[in-house]
Amino acid sequence: MKTAIIGANGQLGSAISDYFSQNHGVIKLTHEDIEISDIDNVRDVLKSSGAELVISTAAYHNVPKCEENPAVAYSVNAVGSLNLARITHELDIPLLHYSTDYVFDGSKLSPYHEDDETHPLNVYAESKLSGENLIRNYCQRYFIIRVSGLYGRTVCRAKGGNFITTMMKAAREKPEVRVVTDEILTPTPVTEIAMNSFYLAETDAYGLYHMTSQGECSWYEFAEVIFDELGLSTPLKEALTDDFPQTVNRPTYSVLENRNLKSIARDKMSPWKTSLQTYLRSF
Ligand SMILES: NC(=O)c1ccc[n+]([C@@H]2O[C@H](COP(=O)([O-])OP(=O)(O)OC[C@H]3O[C@@H](n4cnc5c(N)ncnc54)[C@H](OP(=O)(O)O)[C@@H]3O)[C@@H](O)[C@H]2O)c1
């Protein structure tokens, strides 16, 4: 299936491009090739690409910047998603789009499944949820996949790194590294998202999916594995969220359960620690 990948040079887009190109013809689209907030451009590029499936990883997702520039956040994350929904519907091809664990407020304190009520706490999350809703209303053949805590070889362009590179830098530059124990997530490698997305895209089980590694940990536990595996000798110390100034509200618990993937026997995600150790040992 000829697949157009938007954001192909991003953290997730690179892994998707690598995985899909083993089995499909792939059209790699970077921000230089397509602007998702411009519907005429989206129509021109996707129509001439001849794509039979569109995958979009594009987002404006530096969380503090979204708070400062809500108009940009909405133009990319909401209107951009609407444009993709309209044009893929017009071209009669499926759309696979990525969203976020941040659509929840974290108050549930147990893993969120797809039917749980959303309650975004910041502009980034609100704009991504708007994008989800617009896709649901404007095209029928969609996969919306909520992911969390991504890491991969190509770092996140919007954030200029990922948690692993941040820890490596901090260990190099600081006398000690302090990481919070009271924010819980599921670290997830982009390679597994790419593989699972591939298997999902082979079906016509359109809808909303959570797709993260199995289990959960605090950012401190995430850091502990990084320090152990990479042999970083800088002292790693526990901290609390309140120890750091907060510029943006974030959920302190954002663990997702892959319930819909399980229901169609497509949940091939591994435990977070095993995947992280495997990844770090390949450095
Ligand atoms: N990273 C995480 O931990 C995380 C967690 C939850 C959800 N997500 C979601 O996962 C997706 C992928 O994240 P990622 O870490 O791979 O991000 P990334 O590395 O920043 O990649 C995003 C890609 O989209 C492109 N892009 C941005 N705005 C665009 C626009 N208006 N039109 C066309 N292309 C545009 C970027 O190009 P430029 O950089 O050149 O602008 C980049 O290639 C996003 O939807 C994000 O919301 C990520």
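This is a predicted model: local features need pLDDT of at least 70, side-chain atom pairs count only at pLDDT 80 or more; totals for chains, interfaces and linings use all residues.

Trainee: How many helices and strands does the protein have?

Mentor: The secondary structure comes to ten helices and twelve strands. The radius of gyration is 18 Å, close to the 19 Å that the globule rule gives for 283 residues, so the protein is as compact as a globular protein of that length. Along its principal axes, the C-alpha trace spans about 55 × 40 × 35 Å.

Trainee: How should I read a sheet, and what is the order of the six strands in the open sheet here?

Mentor: In general, strands of a sheet pair through backbone hydrogen bonds, either parallel or antiparallel. In this model, the six strands of an open sheet follow the order β2-β1-β3-β4-β5-β10, and their pairing is parallel.

Trainee: Which strands stand at the edges?

Mentor: The edges are formed by β2 (26-29) and β10 (207-210). Each has a single partner strand, so one side of each is left without a neighbour in the sheet. From one strand to the next, the twist averages 20°.

Trainee: How many bridges join β5 and β10?

Mentor: Strand β5, residues 142-147, pairs with β10 in the parallel sense over four bridges. Within this part of the sheet, Ile144 stands opposite Leu208 in β10.

Trainee: Which strands does helix α1 lie across?

Mentor: Helix α1, residues 11-21, lies across β1 (3-6), β2, β3 (53-56) and β4 (95-100). Its direction is at about 165° to β1. Helix α5, residues 123-138, lies across β4, β5 and β10, and runs at about 155° to β4.

Trainee: Let us turn to helix packing. At what angle do α4 and α5 pack?

Mentor: Helix α4 (residues 70-91) packs with α5 at an angle of about 15°, and their axes are 8 Å apart. That angle makes α4 roughly parallel to α5. The two helices make a right-handed crossing.

Trainee: Which residues make the contact between α4 and α5?

Mentor: On the α4 side they include Ala73, Tyr74, Asn77 and Leu82. On the α5 side they include Val123, Tyr124, Gly131 and Leu134. By class, the contact of α4 with α5 has eleven nonpolar, six polar and three charged residues.

Trainee: Is α2 roughly parallel or oblique to α4?

Mentor: Helix α2, residues 39-49, packs with α4 at an angle of about 40°, with the axes 10 Å apart. That makes α2 oblique to α4. The crossing of α2 and α4 is right-handed. Contact is made by Ile39, Val42, Arg43, Leu46 and Lys47 of α2 with Asn83, Leu84, Arg86, Ile87, Glu90 and Leu91 of α4. This contact of α2 with α4 has six nonpolar, one polar and four charged residues.

Trainee: What is the angle between helices α8 and α10 where they pack?

Mentor: Helix α8 (residues 219-230) and helix α10 (residues 272-281) pack at about 35°, with their axes 10 Å apart. Here α8 passes α10 in a right-handed crossing. From α8, the residues Glu221, Phe222, Val225, Ile226, Glu229 and Leu230 meet Trp272, Lys273, Leu276, Gln277, Leu280 and Arg281 in α10. The residues of this contact divide into seven nonpolar, one polar and four charged.

Conventions. Residues are numbered from 1 along each chain as its sequence is written. Side-chain values use heavy atoms; hydrogens and water are left out. Two strands pair if DSSP finds at least two bridges between them. Axes are lines fitted to C-alpha atoms, for helices over the stretch in contact, and angles run from 0 to 180 degrees between N-to-C directions. Contact means heavy atoms within 4.5 Å. Angles under 35 degrees count as roughly parallel, over 145 as roughly antiparallel, 65 to 115 as roughly perpendicular and the rest as oblique. A crossing is left-handed if the near helix is turned anticlockwise from the far one by less than a right angle, and right-handed if clockwise. Ala, Val, Leu, Ile, Met, Phe, Trp, Tyr, Cys and Pro count as nonpolar, Asp, Glu, Lys and Arg as charged, and the others, Gly among them, as polar. The radius of gyration is taken over C-alpha atoms; the globule rule is 2.2 Å times the number of residues to the power 0.38.
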